[in-house]
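Keep the structure open while you read.

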Amino acid sequence: GDILDGYSRTDGVWILTRNKQFYETNNEKECADKCEAERNFTCRAFLFTRKKLQCLTLAENAKMTVTFASTDTVLYEKIIYLMQCKRGIGTDYRGTEAKTQRGIPCQKWAEKIPHKPKYTPEKHPNAGLEENYCRNPDADENGPWCYTTDPAMRFDYCAIPECEDQCMQCNGEDYRGEVSRTESGLECQHWDVQEPHMHGFILKHYPEKDLKMNYCRNPDGELRPWCFTTNPNKRWEYCNIPRCTAPPPVSGLDSQCLSGRGEDYRGRIAITESGNACQHWNTQFPHKHGWIPDRYPCKGLEENYCRNPDGEKKPWCYTTNSNIRWEYCAIPPCDRTEQGIAGVPVQAPLTEECYRGKGESYRGTTSVTASGRKCQAWSSMFPHKHIKTPDRFPDADLRDNYCRNPDGDSSPWCFTTDPNTIWEYCNLKRCDDHTQE
């Protein structure tokens, strides 16, 4: 195949590295040849500038150093050095894991203390024996290993996960691959820029979502990973990432009681707080909805059991009462101290059932619209993408999915969880202005 197939390409990026070599080349393929033939250091990546036709081979990649924007530059990184997983027994593993499965730090391959190594960089120059990274120079069937820094243990194996070849589990919420094109072939917009599309997915507000570079991600509970596109006429699009063939790992967190918001609740309560029976998740009667079990295989949407698939305050369900779309469920808490210590009840949060003026100061916890639809969380982009995000309106208290009025509308409102209804005013009345505060 093409020599560039072994590289991941990123346009407009420069990386800072001291260990590099300059070459004159005519194109990217010639530059890749220089990287493959580099003998001054292990070449992990190269930079190519189109105007100057300049080639820089690099000892480091973007995972190891600082990156900058550079319009005329293309960064090519060897995929083998970006992978933090192993294929097969891991003879080609070139990741940076440097401790054993027991947590013992690895000894550097070039050192002779505390153990005199049989496998050294000089004897095995093509085995990637750099620093103290886990490697498999002898094709051990148990996978990558290293000499340890414990004098009592000469070597031990490393806990390197198996590669799933850029596939996703569940709805891809934990997908950390490097696909950066949409299913129609459009290049993804970098998460840390606001052009051509402005958005609220700022890295510092979503540190656990791994919004790196322009890789496809699923930070908001969509059906699968997606990205904003670099096409001004197409705001966003799903990415074509296959589902893993192996079953999703068992978390061990499935709970039969309420802990936190109850997102891991997998009990069998199927009745709401007011006594309404829950509607089955795989039916659309009496209420049509988008929480279809086949679409969300890891949300536990079984039978008509109460669940919390969308990060609500606690588990809920659609009801079999055609006049009440959904309600919260009464789930017993896992820790009784959550309900009060020594019989002293915890004070309930103050709720406001009315608003004053236009409701811009409303800070209650109502999260239902006038028609009974559930509100979408302000930090979520599903089912509706928007710019009314907490970071853009820091003074508007856009918490959870509570009704608010961040833009001076006539009364508090919210985006709805109904894909067919973008937003509605909330089920709130205006306070009697003569009522004492």
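## A charged pair to start with

Are Asp210 and Arg217 buried or exposed? Both Asp210 and Arg217 are buried, where buried means under 20% relative accessible area, exposed over 50% and partly exposed in between (1.4 Å probe, protein chains only). Their side chains meet in a salt bridge at 2.8 Å, N to O; that term means a side-chain nitrogen of Lys or Arg within 4 Å of a carboxyl oxygen of Asp or Glu.

A quick word on the model: it's predicted, so local features need pLDDT of at least 70 and side-chain atom pairs count only at pLDDT 80 or more, while totals for chains, interfaces and linings use all residues. Residues are numbered from 1 along each chain as its sequence is written, and side-chain values use heavy atoms, leaving out hydrogens and water.

Lys212 is partly exposed, at 35% relative accessibility, whereas Asp210 has 19% and is buried. Arg176, Asp210, Lys212 and Arg217 are linked in a network of salt bridges.

Now find Glu312 and Lys374, whose side chains form a salt bridge at 3.5 Å, N to O. Glu312 is buried, at 3% relative accessibility, and so is Lys374, at 1%. The rule gives 24 salt bridges.
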